[in-house]
Amino acid sequence: MRMRRFHSHATSPGIAIGRAHCMESRGSSFARSWIKDSDVEDEVSRFRTSVQKAKDQLAHIQAKMCRYQGHDQIKIIESYRMFLQDDMLVATTIKHIQQFKINAEWALDKTLSHLKLSFLNVNEEYFRERQQDVDYVGRRLMDNLIGMPDLTPSDLPPGEVVLIVHDLSPAEVASLPRDKVLGFVMEGGGETSHSAIISRALDIPAIFGVKELCGQIEEGETVILDGIKGLLIASPSRRELDQYRTIQQKYIALEHILLEEIHLPAETKDGFRIHIEANMELAEEIPSLLQHGAEGIGLYRTEYLFLNRLDEPSEEEQYENYVSVLTKLAPRPVTIRTIDLGGDKLAVSQPYETQINPALGLRAIRLCLREIPLFKTQLRALFRASTQGNLRILLPMISSVDEVRQVRKIIKDVKRDLAAREMKFRDDVPLGIMIEVPSAVFMANELAKEVDFFSIGTNDLIQYGLAIDRVNELVSHMYNPFHPAVLRMIKQAVTAAKKAGIEAAICGELAGDPLAITLMVGLELNALSMNPISIPRVKKILRSITKRQSIEILEEALSLPSAEEIEKLLRKKTSHLLPGDVKKLHILEAQNP
Ligand code: PEP
Ligand code: MG
């Protein structure tokens, strides 16, 4: 066979070399049938058994993921499990069996179609995500009903393989037998799909979006999967194979070194200390973020407590959740952000119609200041929990001093209420704001006098500052964190914080970008909060640079007029400053053959 190369998205980094196994699509079809009155009960109980089985399967997958120390994937499985507890799915299907006297598969299919239709009335992005959840949970229930077995090692040929598949669901990715599957290439899927998030978290090299590949690869053909570059090489030459074997060994060795050093201090060579904290969506992620060396939680996105459910979490439920997070982290700081619902994160319990421009609509603090009882419930739970650890409260999407003052008034009411009920709380919980809209940057001096800390949310600051929708693929190529305007906005906010003597942190994705670390140190930020998986590498880079050099780099970057020039400068300066191990990793990522 001659050598062939297939390029696509680098979905999950790493190198896999082995024999290809092309797997058939596993579509499940079902028979429709009418049932007799006397069979209705049996049919309902057959459906209930399939639901229970799906719950057990998901619990098993979730437990397996926790062992692998994954991150975002736990929240995905949690949302599937919530669907199974949901009356919309289970009770409606049972009603269909009873009312129309049809078999469980047909009744389930009817419910799924209705559910998907009902999501059409909700925000588009939200609908897309929920539709994926409905598809997955529906498919699992249907497979259980018709007795379709899970993908198991016995579906694979003996020995290790690189899988070539049309599509794998997130849970199928999570269940891949790691001792047999070296990596996988998918014809479908995108870099930000749930399956992609899981393959990254589980550290399985993967490439997605290689169109019509299955017909072009022979069963058992030798392939090299380069998940760093997004490349599949079929029937490679001897030279290519040798080169890739060397790269693979280096890559594995470097990853080990980084993990071994996570407990060393996050300090530059000239003694500048910066707190490295984790962003968190669900309390289940705590063991993983501690294992990755997080020194606290810099952003707990509490809106996830409100998603994928019909009702709102009560004060008691929230209180217990916050206490459990605070006590597990104590004495480390935990920054809990009040709910950032709206935009692309919609709770079923919030009755608002689709907004034409949700990112500029009733979102985050705006929603809380309109729904005061909802906001007060969360604040009561937070203040009650405050005695149990090192709590800091963070307000999202603040755009004016007035909003902070309104919140302070509400907090006063909440405290008065708790005191009247003789409930204990800490009076000195630091109150901070997210700096994520341009008006907050322009008002940073005034805002800094009203609060105890700033946390800069670069994800939204880029969106609002550059007028680029975070979730719109058509303009995503313009979403650049190194745009000079972004850098200048960050600088302005940090300068205001320093002048007022309050702390400044960054909690957007930029905080975990190796290329941006000298900028963060040059800005003399107090803390960086990021996806836990980025922590080991960021700490390693920090320990190999100096504050003095970083300030020089920052000043030069601030004088440049374009993102391209800033990135070029950072690449040049950073590769010179990085420690040998991380430098090799970068070079490897950028230049492998
Ligand atoms: C941000 O906007 O940078 C941020 C951290 O908040 P979120 O991603 O939750 O909007
Ligand atoms: Mg934000």
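Which residue in β16 stands opposite His 275? The close-ups below, taken from a predicted model, start with that spot.

**View 1. Strands β9 and β16 pair side by side.** Ala 527 in β16 is the residue that stands opposite His 275. Strand β9 covers residues 275-280, and strand β16 covers residues 527-530. The two pair in the parallel sense, over four bridges. Strands of a sheet pair through backbone hydrogen bonds, either parallel or antiparallel.

**View 2. Eight strands close into a barrel.** Follow the strands around: β9-β10-β11-β12-β13-β14-β15-β16. The pairing is parallel. On average, neighbouring strands of this sheet are turned by 25 degrees against each other, direction ignored.

View 3. Helix α10 is formed by residues 315-329. It lies across β9, β10 (297-301), β11 (333-337) and β12 (390-395). Helix α10 runs at about 165 degrees to β10. Helix α12, residues 372-385, packs on the sheet too and touches β11 and β12. The direction of α12 makes about 160 degrees with that of β12.

View 4. Glu 436 (OE) and Asp 460 (OD) coordinate the magnesium ion (ligand 2) at 2.0 to 2.2 Å. Glu 436 lies in the loop between β13 (431-435) and α14 (438-442), while Asp 460 lies in helix α16 (residues 458-465), so the pair ties together parts that are 24 residues apart in sequence.

Conventions: Residues numbered from 1 in each chain as written. Chains lettered and ligands numbered in written order. Predicted model: local features only at pLDDT ≥ 70, side-chain atom pairs only at ≥ 80, totals over all residues. Heavy atoms only, no water. Donors = N, O, S within 2.8 Å, 3.2 Å for Na, K, Ca; no water. Pairing = 2+ DSSP bridges. Axes fitted to C-alpha atoms, helices over the stretch in contact; angles between N-to-C directions. Contact = heavy atoms within 4.5 Å.
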